[in-house]
Amino acid sequence: LLHVFSALCMVSTGRYGHGFIGYGIDMYDPNCAYSCRAVISDSALNCSTYSDMNGMAAMNATEMAAEGMTASTSAECYATDDTFLQTLAYCLYVRCDDAVSIPDRENWWYANVAGRKSIQPDPKWSYQESLAKVTTPPTETLVNGDPLNTTSLIYDSDYIQNWNAQQVFEEQEIIHERYG
């Protein structure tokens, strides 16, 4: 009886997203969407910025990318980059199939495309608008970490690696909350 009572105490009856992981907070729901974004967000976008070792802005982003410099991508960039929005929408279309309804995809889209902060820009297109802009299925596959210059597919191995990592991480966090 004590075990049941303690479990009930961890369930949040307050606002969504407040409580403990697994007891009011879902870290990666839906995991298919978070996995798509995780793979794609490793790539620089057309609006990403590059810096040299001293933090000074680079004059030529293409040369900096070729030199292996790291890109910094703002929430505004994620929310407005055509290629990112189209690639992400197509990934959700392929990977989330019937497991996630269109309204749930739209809700996730507005809450997470630009990032996970509480205040961030809305994407310039909805999920369905972004998907509609993909007039032909992509044929190029994004190599993880390469710049995203065209609407692309993502490798199964990259997607599955992120999906598995996020699934296991959330399960471990739920165990931490339960026994912590």
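Modeller: Contact here means heavy atoms within 4.5 Å. With that in hand, and bearing in mind that this is a predicted model, 63% of the contacts between residues at least 6 apart in sequence join residues at least 24 apart.

Biologist: How many helices and strands does the protein have?

Modeller: The protein has eight helices and six strands, and from the N terminus on the elements run α-β-β-α-β-α-β-α-α-α-α-β-β-α.

Biologist: And what share of the residues is buried?

Modeller: Of the 180 residues, 38% count as buried, while the accessible surface comes to about 10,800 Å², with 54% of that belonging to carbon and sulfur atoms.

Biologist: Changing topic, at what angle do α5 and α6 pack?

Modeller: Helix α5, residues 82–95, packs against helix α6, residues 102–112, at an angle of about 145 degrees, with the axes 12 Å apart, and the crossing is right-handed.

Biologist: Which residues make that contact?

Modeller: From α5 they are L85, L88, A89, L92 and Y93, and from α6 they are R105, W108 and W109; by class, that gives seven nonpolar residues, no polar ones and one charged.

Biologist: What about T151, buried or exposed?

Modeller: T151 lies in the loop between β5 (141–142) and β6 (153–154), and it counts as buried because its relative accessibility is 16%, under the 20% cut-off.

Biologist: Which residue does its side chain make a polar contact with?

Modeller: The T151 side chain makes a polar contact with the side chain of Q86, at 2.8 Å. Leaving aside neighbours within four places in sequence, T151 is in contact with T83, Q86, T87, V134 and P138.

Conventions:
Residues are numbered from 1 along each chain as its sequence is written. This is a predicted model: local features need pLDDT of at least 70, side-chain atom pairs count only at pLDDT 80 or more; totals for chains, interfaces and linings use all residues. Side-chain values use heavy atoms; hydrogens and water are left out. Axes are lines fitted to C-alpha atoms, for helices over the stretch in contact, and angles run from 0 to 180 degrees between N-to-C directions. Helices (H or I, at least four residues) and strands (E, at least two) are DSSP runs, numbered from the N terminus. A crossing is left-handed if the near helix is turned anticlockwise from the far one by less than a right angle, and right-handed if clockwise. Ala, Val, Leu, Ile, Met, Phe, Trp, Tyr, Cys and Pro count as nonpolar, Asp, Glu, Lys and Arg as charged, and the others, Gly among them, as polar. Buried means under 20% relative accessible area, exposed over 50%, partly exposed in between (1.4 Å probe, protein chains only). Accessible areas come from the Shrake-Rupley method with a 1.4 Å probe; for residues, only the protein chains shown count as cover. A polar contact is a pair of N or O atoms within 3.5 Å; within protein, one must be able to donate a hydrogen and the other to accept it, and residues adjacent in sequence count only if both atoms are side-chain atoms.
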